[in-house]
2 protein chains.
Amino acid sequence: MITENIIGKKTSALGDKTTVAYNPKTNDQLEGTFCVATPEEVTQAVSIANTAWPQFKRLTGIQRAEFLEAIADEIEDLGDDLVERVMLESGLPAGRVKGERGRTCGQLRLFAQVLREGSWVNAVIDTGDADRKPIPKPDIRKMVSSIGPVVIFTASNFPLAFSTAGGDTASALAAGCPVIVKAHESHLGTNALVSQAIQKAAIKTNMPDGVFSSLVGSGYSLGEQLVQHPLIKGVAFTGSHRGGVALFNLANDRDEPIPVFAEMGSVNPIFMTPEYIQAHSQELAVGIAGSVNLGAGQFCTNPGLLITIENSQTNKFINHLVEAFADLKASSMLNTSIRNNYLSGRKRAKFTTGVHTEFESLPDDNYSAPPAIYSTNANVFFNNPFLHNEIFGPTSILIKCKSIAEMVEVTNNLKGQLTGSIFMEPNAQDQYKILANTLEERVGRLIYNGFPTGVEVGYAMQHGGPYPATTDSRYTSVGTDAIYRFVRPIAFQNCPAAFLPEELKNENPRGILRKVNGVITKDNS
Amino acid sequence: MITENIIGKKTSALGDKTTVAYNPKTNDQLEGTFCVATPEEVTQAVSIANTAWPQFKRLTGIQRAEFLEAIADEIEDLGDDLVERVMLESGLPAGRVKGERGRTCGQLRLFAQVLREGSWVNAVIDTGDADRKPIPKPDIRKMVSSIGPVVIFTASNFPLAFSTAGGDTASALAAGCPVIVKAHESHLGTNALVSQAIQKAAIKTNMPDGVFSSLVGSGYSLGEQLVQHPLIKGVAFTGSHRGGVALFNLANDRDEPIPVFAEMGSVNPIFMTPEYIQAHSQELAVGIAGSVNLGAGQFCTNPGLLITIENSQTNKFINHLVEAFADLKASSMLNTSIRNNYLSGRKRAKFTTGVHTEFESLPDDNYSAPPAIYSTNANVFFNNPFLHNEIFGPTSILIKCKSIAEMVEVTNNLKGQLTGSIFMEPNAQDQYKILANTLEERVGRLIYNGFPTGVEVGYAMQHGGPYPATTDSRYTSVGTDAIYRFVRPIAFQNCPAAFLPEELKNENPRGILRKVNGVITKDNS
């Protein structure tokens, strides 16, 4: 395992400062003393990224697809070395790590498929008309093209799928943006292994030097340097509200503001209708407990609010919920600081006046996250802003409403969310239409009779919601449309054929779908 | 002509403060004493917009299309009253005003057509699979939906096409966003006439009360109140760099930041290759003079920089340019303050050390914009940031480069632009490939052998470039894609058919193109 920074095709260790990773379960220092990047190394990484960019963005989609596929292959070739290091650094079990590796490689290959097919560039052609009166109509052709070098901040909670070679990196590289990854301080070894895999893949597939770099930081300085660098054109981040807002402000304060795609947490409310509770009380309770405790409650789609209508059924359901929570096994959290925040967050919720503890298991080691359920009413929720925020970990707060109207009022008081869920019976759904319509305004994904955890990687996924769930609700960070975060449209007017990108040439050599004079077609223009 | 504010279906004049419009040619006060909106009226307009929103966004595309078409009809029904008032307020000639009215109504009808066709919502359907292992695959369906009430700041330079019922309003209403227009202080009568036309159309087509309001302000206060209102979800603006940046900062400083689409000026460089100059010197000179002087140089795509390579041909070309400029007729500017800024801007360019005056006509009245051409070399351009900024009016600066490489260096020093143009001969274009590629990185629209003025309204238009041309280069403010500024995607997971929008139902009742399991089709899902 290398411990230097990766800058394009080389490794680099100019500075004296180092940092290490720890096992969250034992707090033991793990193998590897990693070099912290110096400002000179930041400049080098950004400069070669910018030099690589014009060539990288003009490669054919097939060439970039081969690069992404080679990354997936190299990651798989790391075999158990990678799985073991991820487990050591994250405390996650082998099954989860292997599943996440599969998802990571699957994402890379899915974007490769999108590139091979090619229609993703949204080619639009309005052909000219020399005879139009009063003035001739020009020929205008447009497609999206990459914005330039981007910085990816890796997430703590998915050391592979939202990290060095995760969805952000995969979609940015697919778009034609050189990527500079800021390694996560908790996953330095994982980052080193995966970064080297990407470096190997870039060399094997003859990518221009600089399409990928990976830098190690200590504190906020590295991130700030990267976001403020004038040649950086975009930022992706998954993490805390404070971190995301800091980057968003930094990016907007630049001479040239740049887009920041920050996913900053969500409470993912679940609305449970009385009819559904009556019919499925125990099953629902078990499902919710599982969703709340999944990955020690560290999923961005973890359900932190459960909204019901108070009646006799609800009390029975709470009993089922308490039973289901009592059966849960606490799992280890990603690092000590996350665990400390979790324990203090749930304590603050617990001691809020009007909040009742329904179930709370206590810590029985120094690294696990004991699950908890608290309950309250809508008024207490309205009056306590703290209860509107995510408690990162396996805790959920149940709000007992007096009526459907009060459920709608709760919805109107929610901040923007990644997801919202409604459980309702097919024969008793009409009365919840207003609730559904209201919830739709607050979320990126509206789920019926299902749990928010488990984010499909597909064409239709929307993983991004109104602020403060994300800084830009118009884009998704999961699924094929994630590529659109890293492009902008460019129009070519009366452009000679020799200067047109392949995708816009008359004869449609790429055989892609295009909008020609308003009609979607694969025909020549 | 009404002089009150328009708030949904009513008119309102709660305040004591009034304001008036002036004839820019005579400085005479024009008919009409217009009521300045009070904070209470701002709150009323935003509140009913927000109340109208859930119903308005769920109207069928056909219903919103009828509204847009009715607006176009009502505007045409205003007849000469509108044309005359626009002429009085803007100093623009009748032909231009009528042409702009045609463009304005054409835009409204084009968006209506987009809504009637319906595929613009980008419906994506990934069908579920209950048998998938290890867990069932959910059914996920996504489409775009409107972001909420938005504020439109009207532009000075297009009193119809970028104003009260201009492209911003048309695309926002098409998207399903209620619109609150801040009237332009120079076009208060035009705004009153057009706002009343929109109000009539809304009533005739049974739109929910609040889909359109129009408020009159005085100074910055009204705009600030609107952008800071928590229920406002987006902003569109065309105007000065200072104004756009102020709105962008206000919007980002909100508790919930919102998108700002500000178009803030551009110098629209034109690169003229020696071969093209040799073959078409006089014709090119006449074309440039016409483009620079079009609308008194007040087009956002006005060419403010002309880049050539210095040789004997260039000097001949400059002579042609001077002749062509001498033939130009100065036209009146939009208002006194714009004219004062123009005259002081060109004076500052003229007296920059190293800048040579090639042609300069002098003011011969108090309202017209006398055209001018200055020249300099690349070094002077590099060392004088002022020369990189737009001088709003019929002035252009010619930069004589030593080589193609220096042309590329000029390009690399340009700020973001709406457009860039290259004039080159078909048999001598290969050597300009790097120039073209470099210019592409700086612009939203790259034009070959044509002038930037004249922005087609179509499917392929991109009117928006890298910062500071606009605050968000990923979107266009002209053409059908302008609608995407006002929407965000929402995904529905395992949604009951009765709760799905028409566009996402299995049987595709709207008959639109959708991406079903990755394939574009009109078939059922």
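Contact here has a plain cut-off: two residues are in contact if their C-beta atoms, placed from the backbone, lie within 7 Å. This is a predicted model, in which local features need pLDDT of at least 70 and side-chain atom pairs count only at pLDDT 80 or more, while totals for chains, interfaces and linings use all residues. Residues are numbered from 1 along each chain as its sequence is written, and chains are lettered from A and ligands numbered from 1 in the order in which they are written.

Now for the symmetry. Two copies of a chain are related by a rotation about an axis and a shift along it.

Next, chain A by itself. Its secondary structure comes to 14 helices and 23 strands, taken as DSSP runs (H or I of at least four residues for helices, E of at least two for strands) and numbered from the N terminus. The C-alpha trace spans about 75 × 65 × 40 Å along its principal axes. Of the 525 residues in chain A, 58% are buried; that word calls for 20 or more other C-beta atoms within 10 Å of a residue's own, whereas exposed means 12 or fewer and partly exposed lies in between, with C-beta atoms placed from the backbone. Among contacts in chain A between residues at least 6 apart in sequence, 74% join residues at least 24 apart.

Helix H6 (residues 188–204) of chain A has 17 residues and should span 24 Å at 1.5 Å a residue, which agrees with the 24 Å between its end C-alpha atoms. The expected span is 1.5 Å times one less than the number of residues. In H6(A), 13 of the 17 residues are buried, so the helix is largely enclosed by the rest of the structure.

Back to both chains, which share an open sheet of 12 strands with mixed pairing, in the order E15(A)-E17(A)-E18(A)-E13(A)-E12(A)-E19(A)-E20(A)-E21(B)-E6(B)-E5(B)-E22(B)-E23(B). Strand E15 (356–360) of chain A and strand E23 (519–521) of chain B stand at the edges, each with a single partner strand, so one side of each has no neighbour in the sheet. Strands pair if DSSP finds at least two bridges between them. Strand E20 (residues 443–448) of chain A and strand E21 (residues 487–493) of chain B pair in the parallel sense over three bridges, and Arg445(A) stands opposite Ala491(B) in E21(B).

Finally, some backbone details. Most residues other than glycine have a negative phi, and most peptide bonds are trans. Asn206(A), in the loop between H6 and strand E9 (212–215) of chain A, has a positive phi near 60 degrees. Asn206(A) is exposed, with 10 other C-beta atoms within 10 Å. A cis peptide bond joins Tyr467(A) and Pro468(A), with omega about 10 degrees. Another cis bond joins Tyr467(B) and Pro468(B), with omega about 5 degrees.
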